[in-house]
Amino acid sequence: MTTTLPDEATLPEGAILPDEAERPAGSALRGERMLPDDTARLRAAVAFVREHDTATLLPLLLPGLHGPELESLAAHCRFAHAGLLLFPTGPHDLRGQLADCGLKADTPSQPSVVVRQRLARRHQRDAAELDVRIVRPRVDGPGGERRAVEVFALMVPARSDLEPIAAHERARGHEAHLAFELEHPDPLVLRGLCAVLTRHGARPDGGGYNPHENGTVLYFTAPADETCGYRRLELYTPGDHHGVLTDHLAENLTDARTDPRTDPRTGHLDERPGTDPAAETLLRLLTGAWTTQALAAFARLRLPEAMDTDVATGTRELARRTATHPDTLATLLRYLKMLDVVDEETEGQGGFRLTRLGALLRADSADTMRPLALMYAGPFYRSFGALDHTVRTGQPAFDHLFGENHFDHFARDPELADLFDRSMAASSRMFEPLPAHPVITRAAQAPTPRTVVDVAGGNGELLGRILTAHPRLLGTLLERPHAVEAARRSLDAAGCGARCDYRSGDFADVPHGGDVYVLSRILHDWDDDRCREILRHCARAMPDHADLLVVERLLPADGSPSLATAWDLHMACNVGGRERRAEHYARLLADAGLELLDRTPLPLEAYVLHARKAPAGPSAAVG
């Protein structure tokens, strides 16, 4: 996988400059401590990359990060590389340093742009005098993960007048950083991760867009109490996330925004004749549909299964394996490379290999997202083509296009019904922390076996996770007849079918006598009246001691960007439902005689809403 290219992303003037006041000026230069030589620093960086994984490294960078927020952050980004600035006397010296540290000495290098400019600004030198190169030798992580050490090399010949620059930079470590890559190029996820970083003390510190690799990089300064020895971190994602980048750079762009030729992604004045950055940005947005269909075609053609994640395969061989046209296949793969779905090897025989992101589209992957790709590029793609109907009338475009609601439409087509159930199961993996919810664990620790009732539980993916995590729990799944059989097969395969009861029916048939009731991503399918009806059915079935867990995304109260906002549009277009704020759900629960007690965050901005039967008399719901 190609790692972050911060040096090729154009940065606003002064965006990355660290706070010089954080250390006594020149303290290290006065001999107060002995600095390690370049080879020792490189060796330490290599060891750091080999020893740390994402989940353990993030709390070192962001003290106080733990629980669901840590799990969410670690699930959606990966530790990619550690970076540092070295000062070899020339290319031969640099190759020797790499070899001494067990790295590939002939790793290709390329010129740096941004680091050279930062050095020139910091030391008031002409950038043309500074020969800065970049090499990214591969380093494997503790589990064999493909990572790198990103080496910026300023060539400092012996007795050169650049030696004071090298001494200053070794002492201050301005360019030392850790980089994390997003697993999926989703701007809403990117915004959420930025919010988590800043909430835990990371300070936005510039960023840029690299058009050559179609990637966005955001820089942060780590909190002062970090304990890993690195004060800068990068967050990288494939794609042009101009909106996120503009917000990230907002404090640096106040003056630049006065000129309409300023590129909103970088803060730099674009003086190319006829340049209109807004038009270029809009053009990128308008081609988003191509991305959806390219990913679906990649999955339908079974290309992920024909590719390897470690060894590159030539285009003609891939075409032979998948019965595709070699030249057109190469065009598709080059497009998917921009999305970080595949990576291209240019050395030796060349070819393409599958990235970790692309591997999620394999049908045989345990965490496959292939059904989602086919669903979003299939029926839901067609219905979004009639979104204007929904906006004009308030009625689902899906119903308008197919002549019936999507539940009935899928029920009439066994293949579509199976695809929908599998897509729901694929996305339910986003809710892995649910089995550890206190309500579930208390039920599992009860002296007598307790029953979890999954209302409209699809193919049983979520119930299977709960029962697998807690072998003493029993389960009951309520679904339509066609889904019950799929759930039976799924739970049998998971080894917990013997502990599960199956009920065919609708919401009016919610089984009585359970201990924990689960409504996972159900209420957002319906309008308020239908939600009240569903909740009343649950309340009537629940014993007084029972708990209700509602899993939904929540619209942010402050209107900030959110995955829930995107899904709100999706629900309106395809099912006639909606996403809601927490206080809205509290009112719906209260109308059904239930009281919202608390809410717990889950990955991807989802929440578990915990409710019980309201006590007699007035109740106060918690928003």
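## Salt bridges

A salt bridge is a side-chain nitrogen of Lys or Arg within 4 Å of a carboxyl oxygen of Asp or Glu. In this predicted model, the count under that rule is 33 salt bridges. One of them joins Arg-170 and Asp-38, with an N to O distance of 2.8 Å. This pair connects distant parts of the chain, since Arg-170 lies in helix 6 and Asp-38 in helix 1 (residues 38–51), 132 residues apart. Asp-38 is buried because its relative accessibility is 5%, under the 20% limit. Arg-170, with a relative accessible area of 27%, is partly exposed.

Two further pairs can be described. Arg-125 and Glu-129 form a salt bridge in which the closest N and O atoms are 3.0 Å apart. Arg-125 is partly exposed at 23% relative accessible area, and Glu-129 is partly exposed at 43%. Arg-488 and Glu-485 also meet in a salt bridge, at 3.8 Å from N to O. These two residues are 3 apart in helix 23 (residues 481–493), so about one helical turn separates them. Arg-488 has a relative accessible area of 33% and Glu-485 one of 41%; each value falls in the partly exposed range.

Helix 6 spans residues 163–172, and its buried residues are Ile-165, Ala-166, His-168, Glu-169, Ala-171 and Arg-172. Glu-169 also belongs to a network of salt bridges with Arg-122, Glu-175 and Arg-232. Just after the helix, Gly-173 has a positive phi of about 60°.

The structure contains 1 cavity of 30 Å³ or more. The space in the largest cavity is about 40 Å³. Its lining consists of Leu-58, Leu-73, Cys-77, Phe-180, Leu-197, Leu-233, Glu-234 and Leu-235. By class, 7 of the lining residues are nonpolar, 1 is charged and none is polar. Strand 9 (residues 232–238) gives the largest share of this lining, 3 residues.

## Surface patch

Leu-282, Leu-283, Leu-285 and Leu-286 make up a nonpolar patch on the surface, and their accessible area together is about 430 Å². Leu-286 belongs to helix 9 (residues 277–286). With 59% relative accessibility, over the 50% limit, Leu-286 counts as exposed.

## A contact across the chain

Thr-600 is part of strand 17 (residues 594–601) and, at 26% relative accessibility, is partly exposed.

Conventions. Residues are numbered from 1 along each chain as its sequence is written. This is a predicted model: local features need pLDDT of at least 70, side-chain atom pairs count only at pLDDT 80 or more; totals for chains, interfaces and linings use all residues. Side-chain values use heavy atoms; hydrogens and water are left out. Patches are made of residues with over 30% relative accessible area and no salt bridge: like charges are joined within 9 Å, nonpolar side chains (Val, Leu, Ile, Met, Phe, Trp, Tyr) within 5 Å. Accessible areas come from the Shrake-Rupley method with a 1.4 Å probe; for residues, only the protein chains shown count as cover. Helices (H or I, at least four residues) and strands (E, at least two) are DSSP runs, numbered from the N terminus. Buried means under 20% relative accessible area, exposed over 50%, partly exposed in between (1.4 Å probe, protein chains only). On a 1 Å grid over the protein atoms alone, a cavity is a set of points where a 1.4 Å probe fits but cannot get out, and a pocket is an open set with protein on both sides within 12 Å along at least five of seven lines; lining residues have an atom within 4 Å of a point. Grid points are joined across faces, edges and corners, and a volume is the space filled by probe spheres set on the points. Ala, Val, Leu, Ile, Met, Phe, Trp, Tyr, Cys and Pro count as nonpolar, Asp, Glu, Lys and Arg as charged, and the others, Gly among them, as polar.
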